[in-house]
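Colleague: I have a model on my screen and want to learn to read it. Can we take it feature by feature?

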Amino acid sequence: MTSCGLLHREGLHVGFVGSPLNRAEPLRRDSERLAGDPKARLLVLEDYHPVVESGALATRPMPDLPLDQLALIGLLDGAPLFAHIDPAASAARRTAELMTLLGALPPSEGSTYAAARSLLDWHARHRFCANCGNPTAPIKAGWARQCPACMAEHFPRTDPVVIMLAEHDDKVLVGRQAVFPPGRYSALAGFVEVGESVEEAVARELTEEAGVRATSVRYVVSQPWPFPSQLMLACIAPVADARITIDTAELEDAKWVTRAEVRAGLDQSEGAAFLPPPPYAIANSLFEAWLAGA
Ligand SMILES: [Zn+2]
């Protein structure tokens with residue numbers, strides 16, 4: 001288990017977590033020297049898609065690029081790893097092909113990929129100063145942008161999202177959106193709003209989407225989700241009354257499932273009551289955690 005893994009629940013796999021990367025924040029001031037390090041490598045991405053060689057993310061020798069087009073992702077075994085901030089790149093898209101690739105990516109590599117993808121995508125989406133509207137340029141080895149007109153600094157976004165299982169009578173509530181593949185149900189989820197705590201967001205989302213009222217909220221585990229930049233906060237919330245009222249603008253269906261039904265779903269057993277999200281999605285980890293007593 002990696003040092004990052006130790007920060008999570010023992011024995012629980014969480015996608016996009018556990019990179020061996022040393023983020024090396026103090027070294028970002030020294031990125032010019034690190035870019036010239038003979039051990040330095042550039043992460044190979046094709047339209048934001050990971051390229052895997054021998055079970056690891058592909059890298060190549062450093063190209064000749066201006067320093068403000070290089071993001072220092074971190075140190076891997078002491079070797080600087082950079083990614084190219086392409087000033088002409090469009091924002092990343094999440095394609096079916098990408099999600100298939102992610103399913104085959106080793107978890108620790110998925111974590112390094114997630115950091116690089118979110119950072120590069122942020123640059124593509126935030127070219128202009130939110131304060132005065134002028135074009136901005138990368139600084140701090142790609143971990144911020146600065147406006148040359150008003151000098152405002154802008155930092156990569158992380159948007160908190162709560163994802164939760166309502167719990168009642170040893171069952172949990174799962175829901176499906178109309179866009180889900182056939183048979184898939186997941187935990188309910190929603191963005192944390194400005195001025196709101198995690199617990200308040202969990203309670204509000206459960207009431208809005210399913211009409212159930214949380215009596216308490218317990219935090220379980222978190223995950224960075226790089227599509228584009230969410231921080232998923234997984235929780236379990238007991239509710240006093242199992243009656244549900246679905247917000248049909250958000251959900252197509254919702255239902256209570258037993259421990260045996262969750263187990264059968266995770267195992268993709270014949271005739272399972274529902275199909276859970278793939279293993280790299282935190283909802284899958286949350287189901288496992290609930291079964292393990294979280
Ligand atoms: Zn500005």
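Colleague: Where does Asp169 lie?

Modeller: This is a predicted model. Asp169 sits in the loop between S12 and strand S13 (171-176).

Colleague: What should I look for in the backbone there?

Modeller: Start with the general rule. Most residues other than glycine have a negative phi, and most peptide bonds are trans. Asp169 is not a glycine, yet its phi is positive, about 55 degrees.

Colleague: Is Asp169 buried or exposed?

Modeller: Exposed. Its relative accessible area is 64%, and the cut-off for exposed is over 50%.

Colleague: You mentioned peptide bonds. Which residues does a cis peptide bond join?

Modeller: Phe227 and Pro228, with omega about 0 degrees. Pro228 is in the loop between strand S15 (218-225) and strand S16 (230-238).

Colleague: Now the metal. Which residues are the protein donors of the zinc ion?

Modeller: Four cysteines, each through its SG atom: Cys129, Cys132, Cys147 and Cys150. They lie 2.3 Å from the zinc ion.

Colleague: How do I read the spacing of the donor residues in sequence?

Modeller: Write down the gaps between them. Here the pattern is C-x2-C-x14-C-x2-C. Then place the ends on the fold. Cys129 is in the loop between helix H4 (107-125) and strand S9 (137-139). Cys150 is in the loop between strand S10 (144-146) and strand S11 (153-154). The pair therefore ties together parts that are 21 residues apart in sequence.

Colleague: What arrangement do the four donor atoms make around the zinc ion?

Modeller: Compare the angles with the ideal. Ideal angles at a metal are 109.5 degrees for four tetrahedral donors. The donor atoms around this zinc ion subtend 98 to 118 degrees, so the arrangement is tetrahedral.

Colleague: Is Cys129 buried or exposed?

Modeller: Cys129 is buried, at 5% relative accessible area. Cys132 is partly exposed, at 36%. Cys150 is also partly exposed, at 30%.

Colleague: How many disulfides does the structure hold?

Modeller: A disulfide is a covalent bond between the sulfur atoms of two cysteines. The structure holds zero of them.

Colleague: Next, sheets. What is the strand order in the open sheet of three strands?

Modeller: The order is S9-S10-S11, and the pairing is antiparallel.

Colleague: How many bridges join S10 to S11?

Modeller: Two, and the strands run antiparallel. Arg145 has His154 in S11 as its bridge partner.

Colleague: How do I read the side chains along a strand?

Modeller: In a regular strand the side chains alternate between the two faces of the sheet. Take strand S14 (residues 188-191). Leu188 and Gly190 point to one face and are buried.

Colleague: In what sense do S12 and S14 pair?

Modeller: Antiparallel, over four bridges, with strand S12 covering residues 159-168. Met164 is bridged to Leu188 in S14.

Colleague: And what follows S14?

Modeller: The loop between S14 and helix H5 (198-210) holds Glu193. Glu193 is partly exposed, at 47% relative accessibility. Glu193 and Ala264 are 71 residues apart in sequence, and their C-alpha atoms are 34 Å apart in space.

Colleague: How do I check a helix such as H4?

Modeller: Compare its span with the expected one. H4 has 19 residues and reaches 26 Å from first C-alpha to last, close to the 27 Å expected at 1.5 Å a residue. Then check its cover. In H4, 16 of the 19 residues are buried, so count it as mostly covered.

Colleague: Last, the whole protein. How many helices and strands are there?

Modeller: Seven helices and 17 strands. The C-alpha trace spans about 60 × 45 × 30 Å along its principal axes. Buried residues make up 48% of the 294.

Colleague: What does the radius of gyration tell me?

Modeller: A compact globule of 294 residues would come near 19 Å. The protein has 21 Å, which agrees.

How values were computed:
Residues are numbered from 1 along each chain as its sequence is written. This is a predicted model: local features need pLDDT of at least 70, side-chain atom pairs count only at pLDDT 80 or more; totals for chains, interfaces and linings use all residues. Side-chain values use heavy atoms; hydrogens and water are left out. Donors are N, O and S atoms within 2.8 Å of the metal (3.2 Å for Na, K and Ca); water is not among the atoms, so sites may look incomplete. Four donors count as tetrahedral if all angles lie between 85 and 135 degrees; four count as square planar and six as octahedral if opposite donors are over 155 degrees apart and all others between 65 and 115; anything else is irregular. Buried means under 20% relative accessible area, exposed over 50%, partly exposed in between (1.4 Å probe, protein chains only). A disulfide is a pair of cysteine sulfur atoms within 2.5 Å. Two strands pair if DSSP finds at least two bridges between them. The expected span of a helix is 1.5 Å times one less than its number of residues. The radius of gyration is taken over C-alpha atoms; the globule rule is 2.2 Å times the number of residues to the power 0.38.
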